Amino acid sequence: MNIPIAVAEGDGIGPEIMDATLRILQAAGAKLEIHRIEIGEKMYLKGFPTGMDPKMWETIRHTKAFLKAPITTPQGGGFKSLNVTIRTTMGLYANIRPCISYYPFVDTKHPEMDVVIVRENEEDLYSGIEYRQTPDVCCSLKLITRPGCEKIIRYAFEYAKHYGRKKVTCFSKDNIMKFSDGLFHKVFDEISEDYPDILNEHWIVDIGAAKLADTPEIFDVIVMPNLYGDILSDVAAQITGSVGLAGSANIGDHGAMFEAIHGSAPRRAGQNLANPSGLLLAGVQMLVHIGQPKVAEEVHNAWLSTIEQGIHTYDIFVDGKSKQKVGTAEFGAAVVRNLGKKPNELKPVVYSTAYAAPKTKFTETRTDRKIVGVDVFLYHKGKLEDFFSRISHINIGALRLKMITNRGTRVWPQGQPETFCVEQWRCRFVVDANHGCTQRECMQVLEAFDRIQLDVVKAEFLYTFDGSAGYTSAEG
Ligand code: NAD
């Protein structure tokens, strides 16, 4: 039975690499019913701010998978990223990016590299919640949730288990972002206990990134929040030899999207130059996902054979090492000729069973949550002394002014004269231990600011959870 899939050929090199990819998949006997949809630059310019006609959601919803070529996002403001829209709207929470080197057939400094990056795909700074709060201050919200962490981290361990991988590494920056990245690390530690046969480790992302760029062979599966995963998966793909070699899967409970990790490379478009391998390997991931693992295996092994025969597109062609420089279409034709072959030196792949996203059982967090204060963010161009005397006597119930910070650094009490201050100030009103307060009292603090005509740009209520502060102090 043919499996319905949505196909978008995108912009730039997209149509050429999609044509080569579909020819290979069809020649290998993939059972696909193709539903074409138009996305990208043309749609943005027709006035669809997301790069897609909303009617296309029906096609995406009623197909098992979406094979998508890269698109060009037009220059200028006002255009939303189509990828982010599709990932978040469809709940495609896991982005899987295998980054493997094919040494000695593709030049790389890292001959032993075989890393799978599992990138969280819906949260973090990509939730797109951003504000310009004052003329000179902008703020983006880094949102990390327990269900979001549980889904992606469980996915990473299940992926490792299914594909016989030995270790899952977590990257986070929880030494600085103790709550958001701290939650990611904590959930990683909890879930890793369910997988005693798989090694687990955690690295702070900065040294982890340095190690990944220097000695990628020490890693196996790496799971990380969205932004780190976005950046480091490009680094990882590039150091295998070419960004044109890596495919990616975006997986969720209600759909899946498969694409190359690179963009539409407009400079290479229409010249039969681009390497279709990234999209083809995304197609291989798609075949495994839709239950055609044997076809996936045949395509992947034919592709490995082609790489091994030295039939290379310009981006990986090396004089004296490669045998034949080919264009997109000729590379595709060579893969078709190699169907049924296995590589001699590179390790052949085996896909025995389909692999779909695991269902996550979410932990229910039970905790005693109490409101204990409010941080009031103030727009004030000038000095602390200009407004300090007006707010220092605000007493609502047991709420008292305890601290003022500027860009997170304490300026009162015990501020230092060297601290550089901008026009956004945070004034913390909090109760002493053994006292409570109400949401109403916190709002009365805001009203008090309003009465003396101070410009409040935002307020954040402060809570304790089982008696522990759910907010950082100025000292971190
Ligand atoms: P890019 O990845 O498109 O290209 C950068 C360079 O990498 C190219 O000039 C080319 O030299 C090389 N390259 C990339 N893919 C290749 C391939 N398959 N074969 C051979 N060489 C390849 O990055 P960019 O130039 O920064 O972005 C171009 C456009 O793509 C932008 O509009 C950007 O927004 C968009 N983009 C789209 C996606 C997507 O749709 N998933 C992802 C990233 C960028």
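Isoleucine 5 stands opposite isoleucine 34 of strand E2 in this predicted model. Strand E1 (residues 3–8) and strand E2 (residues 32–36) run parallel and are joined by 5 bridges.

**Open sheet**

- Six strands form an open sheet in the order E17-E16-E18-E15-E19-E20, and their pairing is antiparallel.
- Strands E17 (409–412) and E20 (468–469) are at the edges; each has a single partner strand, so one side of each has no neighbour in the sheet.
- Strand E19 (residues 455–465) runs antiparallel to E20, with 2 bridges between them.
- Threonine 464 has alanine 469, in E20, as its bridge partner.

**Ligand surroundings**

- The ligand is surrounded by 20 residues, of which Asn83, Gly263, Ala265, Asn275 and Tyr314 are the closest.
- By class, this shell consists of 8 nonpolar, 7 polar and 5 charged residues.

**Polar contacts and cover of the ligand**

- A backbone N or O atom of alanine 265 is 2.7 Å from a ligand oxygen atom.
- For threonine 73, the distance from a backbone N or O atom to an oxygen atom of the ligand is 3.2 Å.
- Arginine 268 contributes through its side chain: one of its N or O atoms there lies 3.4 Å from a ligand oxygen atom.
- On its own the ligand has 810 Å² of accessible area, and the protein covers 69% of that area.

Conventions. Residues are numbered from 1 along each chain as its sequence is written. This is a predicted model: local features need pLDDT of at least 70, side-chain atom pairs count only at pLDDT 80 or more; totals for chains, interfaces and linings use all residues. Side-chain values use heavy atoms; hydrogens and water are left out. A residue is near a molecule or strand if one of its heavy atoms lies within 4 Å of it. A polar contact is a pair of N or O atoms within 3.5 Å; within protein, one must be able to donate a hydrogen and the other to accept it, and residues adjacent in sequence count only if both atoms are side-chain atoms. Accessible areas come from the Shrake-Rupley method with a 1.4 Å probe; for residues, only the protein chains shown count as cover. Ala, Val, Leu, Ile, Met, Phe, Trp, Tyr, Cys and Pro count as nonpolar, Asp, Glu, Lys and Arg as charged, and the others, Gly among them, as polar. Two strands pair if DSSP finds at least two bridges between them. Helices (H or I, at least four residues) and strands (E, at least two) are DSSP runs, numbered from the N terminus.
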